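Open the model in your viewer and keep the selection panel at hand. Each stop below gives a selection and then says what is there.

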Amino acid sequence: MNTTRTSRVNGPPRTRKLTSYWKSAQPNLSDKGLPPEVVLQIFTFLDRVDIDNCRLVNHRWLNIIDKNTHLLRQRFIRMLKVVDNGNNMITISASSRTKCIKYNLNMEINNHIDADMIKRLANLLKGSLIKRTVICNLTLTELWVYDLYTIFNRANVKFARFEMIGVAIDQLTRDSFQNFIGEKVAAKVYFLDGIRNGDADFFNSRLLEKTNIVNAEDFTVYDVSSLAGEEVILDLGDEALLDFFFGRNITSKRRTTLYLDSPAVSQSFVYSALVRFVHETNYESMMQHAEFTHIREQIIHSHRAITNEYDTDIQSEWSSKNAKTDLVLEVKVTRASEDDELVHDNFITVTMDICNGRTMC
Amino acid sequence: MAATTSTDMSTLNTALDKISNIKLKCKDGKLVTISKRIIRESEVLSHNFSVVDEVEQTIPLPDIHSTVMKQIVAFYDLIEDDSEYVPPSKYTDRPTKDHPGVGFFSNFTVEELQALTHACGYLDMPRLQDFILCHMIVDIIQDREIKEIRERGMMKTDYTPEEEAEFVKRHEAPIEVVQPQ
């Protein structure tokens, strides 16, 4: 018999001490206790703070919680703010109902969030629902977009309202900007106001085709300015904008409002909208309300489907009725009066509403 | 066990109407008087009542000790809610901390709780089961430190000190914590 053999088929290997072998063969203590289904049921009754504490009790509970995060209470964050305070200081703060946590990041050395901070922020936001996210005054770079996405992705957060206010986007490419808001951050409401250093190309029709924008309930873009500080005309076009408004190829049924400032539309935009509405079939996915400001003077040709409700210097209204449903599209074109010095000369606002024809009568 | 059907319910009601005082003869031979409500809540007892024609005043219950049965009676005396029990499906439906039933079991020993769990499993009483297994444990965990949860839940940690330190570091208080306005 070969005595130099170090292991046998049955029983412990000879080289290891017997005690350590039997110890490892014993069932783990933490395996004892209530069945996982019962423990999970108990966890569903707990607040997020308590669930976080339970993760630290033992590995078994940690596994149960981490595998079933979607079944448990989410952390509710009222507001998440990323604000550039100037002087290379960026504040990231998250406030819940009971506390507000604030991180001040010094951007002097490297203009991005370091790995340790990403870990911490992801941990802080883990599995949470953020009611309102505000990115304010920040100069977005590729690194920042990547870091923010990493945090949101690792933490598996959900957004309700996503706001970008006074954000400079000149250091981003068009694709990374559109991918960031259109694919990586899935919010119900988008509010982009005072975007700086932009370009018409950033807001072209491809943005309106992005999954998250298409499924958003509310989409707003106001006041985009270029590097020279001039107003940027959004490069959207009649066709793309009407497809988006009427929900062509869109299945989401909870679309409510669209606000756009300075879209590049033609003079017959309102006319095509009214004519197109008559034969639209996808009425469940249409936006309920839309407002376009700073657009060109509109020419409405006579058409048998279009009714002119009234026509004055200040405001005109047209409507058209959908053939299949009882829905009516009301379009109001408002012009700023000449006396109003505060308002730009060609300040024309178009408001489109879809309402039920019967209730209107 | 399937829920009692409507025909069973009517038989149960007529059977319960005939008697005023129901006594259970427990394992140790002692008699425990129970309310009609306990019978309604227990699937086993209500099923028995709905199938027998003549109801006896004393029902033998050879598997449960009288002390355990008395505890169940005391628990039901505390709860005023007389409606049919619907297990809470949402977080918000759970009984609050002030609910008398939640704190009732917190001073019980492990052996007593075990006996109670077995008894309510045997009698099939969903309300009691939820209170013992769920709401009481939720009460143990809620608003407590990790060490306290371990002590009260009699659990041992399997985290190494290094792992725990790592966790604490990750949860460490950030640069500034302020009270929301």
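The tour goes through confidence, chain A, and then chain B.

**Before selecting anything**

Residues are numbered from 1 along each chain as its sequence is written, and chains are lettered from A and ligands numbered from 1 in the order in which they are written. This is a predicted model, in which local features need pLDDT of at least 70 and side-chain atom pairs count only at pLDDT 80 or more, while totals for chains, interfaces and linings use all residues. The model scores are ipTM 0.75 and pTM 0.67.

**Stop 1: colour by confidence**

Colour both chains by pLDDT (the predictor's confidence in each residue, from 0 to 100). Chain A has an average of 83, and 87% of its residues score at least 70. Helices and strands here are DSSP runs (H or I of at least four residues for helices, E of at least two for strands), numbered from the N terminus. Where in chain A is confidence lowest, and where is it highest? The lowest mean, 43, belongs to helix α1 (residues 18-25) of chain A, and the highest, 94, to strand β6 (residues 189-193) of chain A. Now select residues 1-30 of chain A, where the pLDDT is below 50. Beyond near neighbours in sequence, this stretch has 15 contacts in the model; two residues are in contact if their C-beta atoms, placed from the backbone, lie within 7 Å.

In chain B the mean pLDDT is 78, with 82% of the residues at 70 or more.

**Stop 2: chain A as a whole**

Select chain A, which contains 11 helices and 13 strands. Of its 361 residues, 28% count as buried. A residue is buried if 20 or more other C-beta atoms lie within 10 Å of its own, exposed if 12 or fewer, and partly exposed in between, with C-beta atoms placed from the backbone. Among the contacts in chain A with a separation of 6 or more, 75% are between residues 24 or more positions apart.

**Stop 3: α9 and α10 of chain A**

Select helix α9 (residues 238-246) and helix α10 (residues 269-279) of chain A. Two packed helices are described by the angle between their axes and the distance between the axes. Axes are lines fitted to C-alpha atoms, for helices over the stretch in contact, and angles run from 0 to 180 degrees between N-to-C directions. Here the axes come within 11 Å and cross at roughly 40°. That makes α9(A) oblique to α10(A); angles under 35 degrees count as roughly parallel, over 145 as roughly antiparallel, 65 to 115 as roughly perpendicular and the rest as oblique.

Show side chains at the contact: A:Asp238, A:Leu242 and A:Phe246 from α9(A), and A:Phe269, A:Ser272, A:Ala273 and A:Arg276 from α10(A). By class, these are 4 nonpolar, 1 polar and 2 charged residues. Ala, Val, Leu, Ile, Met, Phe, Trp, Tyr, Cys and Pro count as nonpolar, Asp, Glu, Lys and Arg as charged, and the others, Gly among them, as polar.

Stay on α9(A) and pick out A:Leu241, A:Phe244, A:Phe245 and A:Phe246, which are buried. Their cover includes β8 (257-261), α10 and β9 (289-293) of chain A. After α9(A) comes A:Gly247, with a positive phi near 70°.

**Stop 4: chain B as a whole**

Switch to chain B, which has 9 helices and 4 strands. From the N terminus on, its elements run α-β-β-α-α-β-α-α-α-α-α-α-β. Chain B has 181 residues, of which 23% count as buried.

**Stop 5: α4 and α6 of chain B**

Select helix α4 (residues 66-78) and helix α6 (residues 110-123) of chain B, which pack at about 75° with their axes 10 Å apart. The two are therefore roughly perpendicular to each other. B:Val68, B:Gln71 and B:Ile72 of α4(B) meet B:Ala115, B:Leu116 and B:Ala119 of α6(B). This contact divides into 5 nonpolar, 1 polar and no charged residues.

Also in α6 of chain B is B:Glu112. B:Glu112 is partly exposed, with 14 other C-beta atoms within 10 Å.

**Stop 6: B:Asp139**

Finish at B:Asp139, in helix α7 (residues 126-141) of chain B. Is B:Asp139 buried or exposed? B:Asp139 is buried, because 20 other C-beta atoms lie within 10 Å. Leaving aside neighbours within four places in sequence, B:Asp139 is in contact with B:Lys97, B:Val102, B:Gly103 and B:Ser106. B:Asp139 and B:Gly103 are 36 residues apart in sequence and 7.7 Å apart in space, C-alpha to C-alpha.
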